[in-house]
Amino acid sequence: MPQIPEKIHELTVGQLAARSGAAVSALHFYESKGLISSRRTSGNQRRFSRDALRRVAFVRAAQRVGIPLATIHEALSELPEGRTPTRDDWARLSASWRSELDERIKQLNRLRDHLTDCIGCGCLSLDTCVLSNPDDAFGETRAGSRLLVERTAPHPARRTCAPAKCD
């Protein structure tokens with residue numbers, strides 16, 4: 001990993017990509033979503049402050065555990081601009097995501113535990129399908145886990161027979 005001298009306070013997008021491990025296109029995307037920011041030189045080149053390294057690490061760590069970018073953006077907007085996020089910042093912000101992650105883990109465990117039964121059925125239209133119809137939410141109104149709108153009578157302009165047999 002290339003080292004950046006301490007006297008350099010701004011990084012090019014290439015330097016930020018090399019140091020953070022994120023692709024240049026990802027950095028451009030993060031910037032477009034307001035997760036990191038840069039200034040433009042007189043030659044219209046991006047320059048990122050050194051705190052962008054920690055912010056990119058923060059974004060990537062949060063993404064790895066499945067936190068949506070909108071939630072990450074909210075978290076980063078609580079931090080003052082131009083300040084490197086600290087360990088305490090990460091602890092405080094990630095603690096607020098704990099219940100959401102616990103719920104996802106619970107859902108994934110349920111999926112894992114019932115996956116064999118569902119695939120064994122082969123049709124995903126059991127009266128109570130734990131994947132397509134968790135907790136039999138549709139059992140009160142119809143059989144199976146079909147989520148499609150009930151079919152209505154065919155449109156009068158549509159043929160319902162083969163062309164050779166129609167009047």
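Predicted model: local features only at pLDDT ≥ 70, side-chain atom pairs only at ≥ 80, totals over all residues.
View 1. When neighbours within four places in sequence are set aside, Arg83 is in contact with Asp51, Arg55 and Asp89. Ser49 is 34 residues from Arg83 in sequence, and the two C-alpha atoms are 9.4 Å apart in space.

**View 2. Packing of helix α1 against helix α3.** Helix α1 covers residues 13-20 and helix α3 covers residues 51-64. Their axes lie 10 Å apart and form an angle of about 50°. That angle makes α1 oblique to α3, and the crossing of α1 over α3 is right-handed. On the α1 side, the contact is made by Leu16, Arg19 and Ser20. On the α3 side, Ala52, Leu53, Val56 and Arg60 take part. By residue class, the contact of α1 with α3 consists of four nonpolar residues, one polar residue and two charged residues.

**View 3. Buried and exposed sides of helix α2.** Helix α2 runs over residues 24-32, and its buried residues are Leu27, Tyr30 and Glu31. Viewed down the axis of α2, the buried residues fall within an arc of 100°, so they line one face of the helix. The cover over the buried residues of α2 includes α1, β3 (46-49) and α3. Ser25 and Ser32 are exposed and sit on the face of α2 turned away from the buried side.

**View 4. Overall arrangement, for orientation of the close-ups.** The protein contains six helices and three strands. Along the sequence, these elements follow the pattern β-α-α-β-β-α-α-α-α. Among contacts between residues at least 6 apart in sequence, 46% join residues at least 24 apart.

Key: Residues numbered from 1 in each chain as written. Heavy atoms only, no water. Axes fitted to C-alpha atoms, helices over the stretch in contact; angles between N-to-C directions. Helix = DSSP H or I, 4+ residues; strand = E, 2+ residues; numbered from the N terminus. Parallel < 35°, antiparallel > 145°, perpendicular 65-115°, else oblique. Left-handed = near helix turned anticlockwise from the far one by under 90°. Contact = heavy atoms within 4.5 Å. Nonpolar A, V, L, I, M, F, W, Y, C, P; charged D, E, K, R; others polar. Buried < 20%, exposed > 50% of the residue type's maximum accessible area, 1.4 Å probe, protein only. Arc of directions from axis to C-beta.
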